[in-house]
Amino acid sequence: MAVAQHPRTAQTAADPLVAGDRSAAADPVVVPIVMYTYQAGGRWYAECLTLSLLAVRETQEEALADLREQIALHVESMTALGWPVRRPVSLRRRIAFYVRITGTLFGLRRSSLVTDTITVR
């Protein structure tokens, strides 16, 4: 007798950032990543909500460069271990992220959204 799988579980298992062991996968998967930068307290913050990573530096360029390096190291180590790449993000961080984006849309905050891709092998 076949057991029905919940649609959300099936979708999560198919997500290359969550699936974990990809050693049997023939082709690498290119995944879009959204990074968000904002300035607070005289420092620049670059955040990747997808992977729950944050970088803080003096300039926006330094923060983005550091975040990209963190993303590369995170993806490399998680795939080498066969662990899921995506990390859960707390509701509090998600709400703070969307509040900052809303402030950006209304011109209340100096920030920007940056899109990039990563390759998961």
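Contact here means heavy atoms within 4.5 Å. The structure is a predicted model, in which local features need pLDDT of at least 70 and side-chain atom pairs count only at pLDDT 80 or more, while totals for chains, interfaces and linings use all residues. Residues are numbered from 1 along each chain as its sequence is written, and side-chain values use heavy atoms, with hydrogens and water left out.

Not counting residues up to four places away in sequence, Met35 touches Glu47, Cys48, Leu64, Leu67, Arg68, Ile71, Ser112, Leu113, Val114 and Asp116.

Met35 also belongs to the largest nonpolar core, which has 19 residues. A nonpolar core is a set of buried Ala, Val, Leu, Ile, Met, Phe, Trp, Tyr and Cys residues joined through side-chain atoms within 4.5 Å; buried means under 20% relative accessible area, exposed over 50%, and partly exposed in between, with a 1.4 Å probe and protein chains only. The members that touch the most others are Met35, Cys48, Leu51, Leu67 and Ile71. At least two residues of this core come from each of strand E1 (29–40), strand E2 (43–48), strand E3 (53–57), helix H2 (60–81) and strand E4 (111–120). These elements are DSSP runs numbered from the N terminus, helices being H or I with at least four residues and strands E with at least two. H2 gives the largest share of the core, six residues. Another core, of six residues, lies apart from it and includes Tyr36, Leu49, Phe97 and Ile101.

Charged pairs come next. There are three salt bridges in the structure, each a side-chain nitrogen of Lys or Arg within 4 Å of a carboxyl oxygen of Asp or Glu.

In one of them, the side chains of Arg43 and Glu58 meet at 3.5 Å, N to O. This pair links distant parts of the chain, since Arg43 is in strand E2 and Glu58 in the loop between E3 and H2, 15 residues apart. Arg43 is partly exposed, at 33% relative accessible area.

Strand E2 also takes part in the bridge between Glu47 and Arg93, whose closest N and O atoms are 2.8 Å apart. Arg93 lies in helix H3 (residues 91–105), 46 residues from Glu47, and the pair again links distant parts of the chain. Glu47 counts as buried because its relative accessibility is 2%, whereas Arg93 is partly exposed, with 26%.

The side chains of Arg57 and Asp66 form a further salt bridge (3.0 Å, N to O). Arg57 is partly exposed at 34% relative accessible area, while Asp66, at 16%, counts as buried.
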